[in-house]
Amino acid sequence: MHGQIARALEERFADIVASQPEMVAHHYSEAGLVESAIDYWLKAGQQAARRSANAEALNHLAHGLELLPNIRDPMLRNKSELLLQTSLGHSLRAIKGWSIDSVRHAYTRALELCKEGGFDEHTLPAVFGLWTWHFLRAALDEAQALAEHLVNTAEGADDSVLKVLAHQALGFTLFANGKFVAAHAALERSISMCEDSKAAAYLDLSAQDPRVHVRLYDGMALWFLGYPDQALRICDEARRYADSSQHPFSEAMSRTISLRVHQFRGEAAVVAREAKAAIALCEEHGFVHYLAMALILRGWAITQQGEFENGIAEIQEGLEKERATDALLLELYTLGLLADACIKNERYGQAFDFLAQAQLRLDEQNSGRFYAAEIYRLLGETVSAITPRSGSGGALFL
């Protein structure tokens, strides 16, 4: 009977159902039609997330989770929670940070429910979400294992979306470990399988657009492989996809990660100019991870233009924002930028301090190593700069 009432209401108010699912969810909740209410709270959360209104999405999803105990059928209750937890993880990731504990909890719970209920078709978002959590934490052994699991699963599945995301995960992890040739190969394969017609599916399943994200990482890999112009071209492609998608999270991603390639190229003026818009976009939508990186990059650019104290303060502000979410993947890179800023301004003692911290990170198991060669280059540059003055600089890091 409840199902018939719900269907009749949906048919009568089809426009509202499509455009304002939260209103429908509220009325179903008030009427005690719990299953339909949860379904529409989920739809409302997903719809909000697609336009990057993630705080709104979290509110809708919370309403759905509150109603779960009222579902008597345990199988239906578990499936509803699974879908809510996955969407919860996606929105938490965007505005709280990719590597906070609540993100791991949401995806871990979703994966548990998949295994308990045999919901195999819903495991991809949970596993991919857990991979992102380990990746940003620089827990790269765990990230590698999850990426390989995704690739192995994709090989036996007739699912192009799974294949795209699996090779994305593998390529990103290889990049973080400094294996640029293998990373480029995996990222190229992911790009080759992307389909514009699957854009909505990519966002719903992984909360990011691999057409944008993978190109940006391939741009960084290409720079490290010695192809700076190709690196810029593929980042420009990513920017065009992001702009056409009208998805603010993709736009923030493209604006911020492409700045890293400009930083690699030493283009301080470009970074300073473009970072302002990236920061404004991230602040508007609460994208804490990309805000932190945009601040770090603008800070570096400012130091290159003569504003040492202001620039260093901004880099450190961004670094603290990253550390507050336990995102350690880019810490080594950021310490390198701090050292580079000090060298540029002849603050060699400070440069050594930052490089010493970087060396400690390199000695740890959980450390992204893609910037390791630059750290050692900066160390050599610092030693060379101070040796004529003290005669003992070469012994500092033996």
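Which residues have the most contacts inside the largest nonpolar core? The legends below start there. The model is predicted.

**View 1. The largest nonpolar core.** This core has 136 residues. W131, F135, F175, Y217 and Y371 have the most contacts inside it. Helix α10, residues 160–176, supplies the largest share of this core, with 11 residues.

**View 2. W131 and the residues it touches.** W131 is one of the residues with the most contacts inside the largest nonpolar core.

**View 3. T303, a buried residue in helix α17.** Helix α17 covers residues 288–304 and includes T303. Is T303 buried or exposed? Its relative accessibility is 1%, so T303 counts as buried; the cut-off for buried is under 20%. The side chains of T303 and Q304 are joined by a polar contact of 3.3 Å.

**View 4. V181, an exposed residue in helix α11.** V181 lies in helix α11, which covers residues 180–193. The relative accessible area of V181 is 62%, so this residue is exposed; the cut-off for exposed is over 50%. How many residues apart in sequence are V181 and A221? The separation is 40 residues. In space, V181 and A221 are 7.8 Å apart, C-alpha to C-alpha.

Notes
Residues are numbered from 1 along each chain as its sequence is written. This is a predicted model: local features need pLDDT of at least 70, side-chain atom pairs count only at pLDDT 80 or more; totals for chains, interfaces and linings use all residues. Side-chain values use heavy atoms; hydrogens and water are left out. Helices (H or I, at least four residues) and strands (E, at least two) are DSSP runs, numbered from the N terminus. Buried means under 20% relative accessible area, exposed over 50%, partly exposed in between (1.4 Å probe, protein chains only). A nonpolar core is a set of buried Ala, Val, Leu, Ile, Met, Phe, Trp, Tyr and Cys residues joined through side-chain atoms within 4.5 Å. A polar contact is a pair of N or O atoms within 3.5 Å; within protein, one must be able to donate a hydrogen and the other to accept it, and residues adjacent in sequence count only if both atoms are side-chain atoms.
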